[in-house]
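Work through the following exercises on how two parts of one protein meet. Each task is followed by a solution in steps.

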Amino acid sequence: MTNTLSHRQQLFYNHLAQTSDFPLALDIERAEGIYLYGQNGQRYIDMISGIAVSNVGHRHPKVLEAIHDQLDKYMHLMVYGEYIETPQVKLAEALVKTINLESLQDFPSLDNVYFTNSGTEAVEGAMKLAKRFTGRSEIISCFNAYHGSTQGALSLAGAEFFKRSFRPLLPDVRHIRHGVLEDLDKITTRTAAVIIEVISGEAGVRVPTEAYHQALRKRCDETGTLLIFDEIQTGFGRTGSFWAFEHYNVVPDVLLCAKGMGGGMPIGAFIASKEIMSVFKNNPILGHITTFGGHPVSCAASLATLEVVQDILYGTRGNGETEELSVGEKGDLIKRLLIHPKIKEIRGRGLMLAVEFVSFDVLKPIIDRAIQNSQSGGGVITDWFLFCDNSMRLAPPLVISEAQIREACAIILEAID
Ligand code: PMP
């Protein structure tokens, strides 16, 4: 490393494992609400929420309070599932209530929660659950999907580029095109599960029709296949309803969540009916175990997060003011503000958006200029997608205000010009 790097930068490059040669390497001192603050006081607007995590903003006071309260009681007590830990049982009850809505009564009841540490672990658990419950091995996921980086979840990734060097991975994984009705025929009585995002994230935010998800549900019912919705990005209010499946009037057999669920703390879950989940109890006993899954401090943070998200969606918008725009209206405002000849299309729902440019070569300098703008005290952090590098990722905290949206969009437009 050259001498021009600060001491912290040298430590970062020398001692932290790098996964690319061009990390953003922003040096952040603190974060609050929608803002990250650099070591020299630069203020960045976080328009990606740490990749769909900080839905309630950074360091939401209610989340901090819940964490402090739990720290005063206990942290880790025992491996998962042995003791009755109040934060876990309260969170499980609250999660189950968000899913089993009266309007969706005809669907499977998802009343049993298995807590994990991360999204990819939720995916792993759900795959094991589906294989064990159905006695089948084939799993279907979508081209251009991302479900995690552990070897099982990586097997589902819909791009050979990411998998080639790590083979052999899981056998018996097949892919279909997201949102394409004709491909549903590939789901058969051999298929244990279909794992799919309701709105696909890393493919560049693709929003399928209601007819698609209804037909997918029907095909899974016909073939005895478990339908697993990965709501790791779309859940916890991101698309304007608590879960994205609510837009489609379809409920899965297994629901996955993580990311925004912890309000900034690490936690994930897979949720199913008690009947399905009970297969982990025998043959073998302890069919899925974890030491830290459902950490009490993460569960306490998550319950507070859940309540704040509900408040944002259905209550006082999380900041005590009732005048604020809804999540859907905030997304619509961004779509109206970001009009420019270089923008080909804006896709998405709620505050999960993709702004399409003609190519990565056009987009990348725009992203860089928007962040660099922070030298003048007002930079904006955006990103692109794993499988769609001509589109800008926009997924700001749901608590972003109308004025903050206007400011962020003005900086993005300036960066485009
Ligand atoms: N599923 C989806 C849809 C995701 O977006 C991600 C993370 N980007 C994961 C699973 C994996 O989650 P984690 O990084 O917490 O393992």
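**Exercise 1.** Find how many residue pairs are in polar contact between domain 1 and domain 2, and which salt bridge joins them.

*Solution.* In this predicted model, local features need pLDDT of at least 70 and side-chain atom pairs count only at pLDDT 80 or more, whereas totals for chains, interfaces and linings use all residues. Residues are numbered from 1 along each chain as its sequence is written, and side-chain values use heavy atoms, with hydrogens and water left out.

Begin with the count, which is 14 residue pairs in polar contact, both residues at pLDDT 80 or more. Next, the rule finds 1 salt bridge across the interface, and the side chains of E202 and R393 meet in a salt bridge at 2.9 Å, N to O (a side-chain nitrogen of Lys or Arg within 4 Å of a carboxyl oxygen of Asp or Glu). A polar contact is a pair of N or O atoms within 3.5 Å; within protein, one must be able to donate a hydrogen and the other to accept it, and residues adjacent in sequence count only if both atoms are side-chain atoms.

**Exercise 2.** Locate the two domains and describe how much they bury between them.

*Solution.* First, domain 1 comprises 7–59 + 324–416 and domain 2 comprises 67–314, with bounds from an automatic or database domain assignment. Their C-alpha centres lie 26 Å apart. Finally, the two domains bury about 2500 Å² between them, 65% of it on carbon and sulfur atoms (accessible area, 1.4 Å probe, that two parts lose on being put together, summed over both). In domain 1, R349, M352 and F387 lose the most area to domain 2, together 34% of what that side buries.
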